[in-house]
Amino acid sequence: MHPLFVGLDVGSRSCHQVVLAADGSTLSHRQFPTGEAHLISAFKELRGHVHVHLEAGELAPWVRSVIAPHAARVVVGHPRSNAWIAKDPNKCDRVDAYKLAELLRLNRTHEVYYPDDRSRAAFKQLVQHYDDLTRQQAGLRTKIKARLRAQGVITRGQRIFTREGREQILSRVGRPEIRQAICQLYEVLEQARRSQHDALRLMTTASKQFPEIARFSRVPGVGVIGACRFSAYVQTPHRFSSKRKLWRYCRLGVVKRSSDGKSLSHPRLDPSGCGRLKDFSRKAFEAALRRRDANGFKRAYERALEQTHNAVHARLSVQRKIVATLRAMWINGTPYRDESG
């Protein structure tokens with residue numbers, strides 16, 4: 001069967017599909033409403049070895065699952081890498097679909113990983129839900145402190161978020177209507193706390209179906225929540241052929257830019273990847289250092305600090321060690337052994 005390269009621009013209302021032959025000639029273009037039946041119909045009618053390229057987004061996982069049975073390959077590309085599409089001054093849906101097909105034909109795609117295991121995909125959504133509620137709480141706490149400062153009430157620490165501290169601090173707000181508005185923010189914070197607690201219960205219950213999480217939670221500094229986050233955002237350790245590629249995905253890899261043999265900037269951490277995994281590794285590092293025992297990560301930090309005399313470099317070195325250790329445990333199915341640290 002002859003290969004067909006399909007670019008699919010997905011919108012909430014409609015989709016644009018462009019089909020290219022192996023020589024780059026356009027075979028067809030069609031627009032249809034976004035819906036499962038329309039997607040299936042659009043790909044069932046194609047005759048050939050169908051390869052599909054669409055951009056990552058909210059609808060991408062669903063669209064991928066719908067068209068996968070009717071295509072030989074479905075590639076979900078990273079929008080950031082498609083500057084040819086995003087920065088074109090003559091941007092439109094039909095042109096975008098054509099360019100997606102052309103990039104696939106030329107094998108110039110930057111694929112985003114999506115798991116075929118639906119239980120892992122659902123677990124990732126539960127972890128994201130818990131993280132979102134946690135971040136929402138942090139935003140509410142910041143907003144409450146800002147509203148209090150606007151009334152000349154300057155506070156520090158977390159005591160104002162306890163019941164006793166809340167009553168004491170509100171008594172210092174002079175205007176009753178402002179006091180009532182801040183009370184409403186406290187009520188929203190309480191609801192967010194309850195929702196976060198329920199989300200934590202959902203997450204930990206679902207985590208029992210993944211055996212690596214129980215092993216990760218015993219690693220110094222990781223804990224149950226950290227183990228859930230690492231498992232959910234990585235999905236499988238086999239998607240990374242080396243620990244350095246995992247470091248890059250965790251925003252712990254170093255990138256250098258040069259031209260004509262000259263450096264354009266100082267080496268820096270790669271900003272692409274998953275920021276939540278970088279946050280996980282930082283929190284795991286800090287928790288490991290707070291422990292009273294001389295665990296492997298604490299010893300590694302002391303050695304790195306002695307060698308580099310730079311606390312930031314030493315910390316990043318241990319963060320990389322943490323994620324590399326978890327990857328090795330996951331691949332080999334082995335528990336954590338502190339003597340190897």
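In helix 1 (residues 36-44), the buried residues are Leu39, Ala42 and Phe43. Seen down the axis of helix 1, these residues fall within an arc of 90°, so they line one face of the helix. The arc is that of the directions from the helix axis to the C-beta atoms. Buried means under 20% relative accessible area, exposed means over 50%, and partly exposed lies in between (1.4 Å probe, protein chains only). Helices (H or I, at least four residues) and strands (E, at least two) are DSSP runs, numbered from the N terminus.

This is a predicted model, in which local features need pLDDT of at least 70 and side-chain atom pairs count only at pLDDT 80 or more, while totals for chains, interfaces and linings use all residues. Residues are numbered from 1 along each chain as its sequence is written, and side-chain values use heavy atoms, with hydrogens and water left out.

The face of helix 1 turned away from its buried side carries the exposed residues Ala37 and Lys44. The buried residues of helix 1 pack against strand 1 (3-10), strand 2 (14-20), strand 3 (26-33), strand 4 (49-55) and helix 2 (60-67). Contact here means heavy atoms within 4.5 Å.

In helix 2, Ala60, Val63, Arg64, Val66 and Ile67 are buried. They cover an arc of only 165° around the axis, which puts them on the same side of helix 2. Their packing partners are strand 1, helix 1, strand 4 and strand 5. An α-helix has 3.6 residues a turn, so residues three or four places apart point the same way.

The chain as a whole has 13 helices and 9 strands. Of its 341 residues, 42% are buried. Among contacts between residues at least 6 apart in sequence, 59% join residues at least 24 apart.

Two pockets are described next. On a 1 Å grid over the protein atoms alone, a pocket is an open set of points where a 1.4 Å probe fits, with protein on both sides within 12 Å along at least five of seven lines; lining residues have an atom within 4 Å of a point. A volume is the space filled by probe spheres set on the points, which are joined across faces, edges and corners.

| Pocket | Volume | Lining residues nearest the centre |
|---|---|---|
| Largest pocket | about 1700 Å³ | Val112, Tyr113, Tyr114, Lys124 and Arg239 |
| Second largest pocket | about 260 Å³ | Asp131, Thr134, Arg229, Asp279 and Lys283 |

Helix 5 gives the most to the lining of the largest pocket, with 6 residues. For the second largest pocket, helix 11 gives the most, with 5 residues. Helix 5 also supplies at least two residues to the lining of the second largest pocket.

The chain contains 0 disulfides, a disulfide being a pair of cysteine sulfur atoms within 2.5 Å. Cysteine 250 counts as buried because its relative accessibility is 0%. Cysteine 274 counts as buried at 12% relative accessibility.
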